[in-house]
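Here are my notes on the side-chain contacts and surface charge of this model. Please read them with the coordinates open.

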Amino acid sequence: MTDDGSELVLFLGDSITAQGPWEELLPGERTRNLGIDGDTSAGVLERLDEVVEASPDVIVLLIGTNDFGNHRKSAEHVVRNVETILVTLRRELPGVRLLLVSILPRQAEYATKIEEANRHLRQFVATCHAQYLDAWPALADGDHLDDRFTEDGLHLTADGYRAYVDELVPALERVRGLPPMSRPISLADLREAQG
């Protein structure tokens, strides 16, 4: 929370985050954009110190599509990295509200890997006291990003961002309704909980 009492919502991810006009789309929010064009789940892991230093109240994480598109990584690779990101953020910022956004649809050739990763991540988020926003139904046309929302099959147009934010606003309300964490958690705690 800032000196004026407003909460900081930090957006973390790749170009889809970086190109988002968050101040315009969320005029009632104080936002910070830590999206980087071309970033991957490994890239986000490497720059978590900057996120922790910003000490946000809410983190919106959207990452993973470039792991598949540019780097041909497996769904397991993405899931493992995103889980580590979430656990690290929960450990370093125990009171932060975490919102993980599903990897968004893109060209159809990536649908199987994205859906597999999203399925695992949806199941994981509760173990680190985070919320999950499944943005796929609002943005997909079957197995790909709806042509109404993109010009290149990957990045969002203004209409795409509006459709995304229509899902994001109620998700932010939900994540703020969570009671705060009482203590940090570690990866070992989670492995134990998962059996």
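The points below take salt bridges, then aromatic pairs, then a charged patch.

1. Basis. This is a predicted model, in which local features need pLDDT of at least 70, side-chain atom pairs count only at pLDDT 80 or more, and totals for chains, interfaces and linings use all residues. Residues are numbered from 1 along each chain as its sequence is written, and side-chain values use heavy atoms, with hydrogens and water left out.

2. Salt bridges overall. A search of the whole structure gives 9 salt bridges, the term meaning a side-chain nitrogen of Lys or Arg within 4 Å of a carboxyl oxygen of Asp or Glu.

3. Asp39 and Arg47. A salt bridge joins these two side chains, with 2.7 Å from N to O. Asp39 and Arg47 are both buried; buried means under 20% relative accessible area, exposed over 50%, and partly exposed in between, with a 1.4 Å probe and protein chains only.

4. Glu76 and Arg80. Here the closest N and O atoms of the salt bridge are 3.6 Å apart. The two residues are 4 apart in helix H6 (residues 75-92), so about one helical turn separates Arg80 from Glu76. Helices (H or I, at least four residues) and strands (E, at least two) are DSSP runs, numbered from the N terminus. Glu76 is exposed at 55% relative accessibility, while Arg80 is partly exposed at 41%.

5. Arg122 and Asp134. The salt bridge between Arg122 and Asp134 has its closest N and O atoms 3.2 Å apart. Arg122 belongs to helix H7 (residues 111-124) and Asp134 to the loop between strand S5 (131-133) and helix H8 (136-139), so the pair ties together parts 12 residues apart in sequence. Arg122 is partly exposed, with a relative accessible area of 40%, and Asp134 is also partly exposed, at 28%.

6. A network. Through salt bridges that share partners, Glu7, Glu29 and Arg176 are joined into one network.

7. Aromatic pairs. The structure has 3 aromatic pairs. Rings of Phe, Tyr and Trp (its six-membered ring) pair if their centres lie within 6.5 Å; planes under 30 degrees apart count as stacked, over 60 as edge-to-face and the rest as tilted. One of the pairs is Phe11 with Trp22, which is stacked at 4.2 Å centre to centre with 5° between the planes. Because Phe11 lies in strand S1 (residues 8-13) and Trp22 in helix H2 (residues 22-25), this pair ties together parts that are 11 residues apart in sequence. Phe11 is buried, at 1% relative accessible area, and Trp22 is buried with a value of 1%.

8. Trp22 and Tyr164. Trp22 also pairs with Tyr164, edge-to-face, at 5.9 Å centre to centre and 80° between the planes. With Trp22 in helix H2 and Tyr164 in helix H9 (residues 158-176), the pair ties together parts 142 residues apart in sequence. Tyr164 counts as buried at 1% relative accessibility. Phe11, Trp22, Tyr161 and Tyr164 make up one aromatic cluster.

9. Surface charge. Which residues gather in a patch of negative charge on the surface? They are Glu115, Asp141, Asp143 and Asp147. Such patches are made of residues with over 30% relative accessible area and no salt bridge, like charges being joined within 9 Å. Asp141 lies in strand S6 (residues 140-141) and is partly exposed at 39% relative accessibility.

Definitions and conventions
Patch = residues over 30% accessible without salt bridge, like charges linked within 9 Å, V, L, I, M, F, W, Y side chains within 5 Å. Areas by Shrake-Rupley, 256 points an atom, 1.4 Å probe, with all protein chains shown as cover. Lys, Arg positive; Asp, Glu negative; His and termini not counted. Charge placed at Lys NZ, Arg CZ, Asp CG, Glu CD.
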